[in-house]
Amino acid sequence: MTTHDYQVVARCTDPSHPGATTLIYTTHAASIQEATAKVQKLRIDKMTPGLYRITQVTEREPECTCADPGLGGKCAGEPWCAKVEGDAAASPVPD
């Protein structure tokens, strides 16, 4: 089974919470659903229930040559470069 790197963005649902408003995780999985489930189980579920909601999952393109595609990746045009991360952080949490 082929696996890819995925970036999973979770947004805080409580604007008055003193913690981070946006959490960004990178995981290796076979599908978007598996990436979401992995982050949910390993990270989000260990926090206060309902405090963070996954709002975006992005697959890294297999032909990407970026050496460090995680948070703050430096490849122009990558699906999770700093510009995309900034856009995700600025967008409102969906209802």
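**Reading the core and the sheet**

Tutor: The largest nonpolar core has 13 residues, and those with the most contacts inside it are Ala10, Val39, Ile44, Tyr52 and Ile54. A nonpolar core is a set of buried Ala, Val, Leu, Ile, Met, Phe, Trp, Tyr and Cys residues joined through side-chain atoms within 4.5 Å; buried means under 20% relative accessible area, with a 1.4 Å probe and protein chains only. This is a predicted model, in which local features need pLDDT of at least 70, side-chain atom pairs count only at pLDDT 80 or more, and totals for chains, interfaces and linings use all residues. Residues are numbered from 1 along each chain as its sequence is written, and side-chain values use heavy atoms, leaving out hydrogens and water.

Student: What is the order of the strands in the open sheet?

Tutor: Two strands pair if DSSP finds at least two bridges between them. Here the three strands have the order β2-β1-β3, with antiparallel pairing; β2 and β3 are the edge strands, each pairing on one side only. Eight bridges join β1 to β2, and valine 8 stands opposite tyrosine 25 in β2.

Note on methods. Buried < 20%, exposed > 50% of the residue type's maximum accessible area, 1.4 Å probe, protein only. Helix = DSSP H or I, 4+ residues; strand = E, 2+ residues; numbered from the N terminus.
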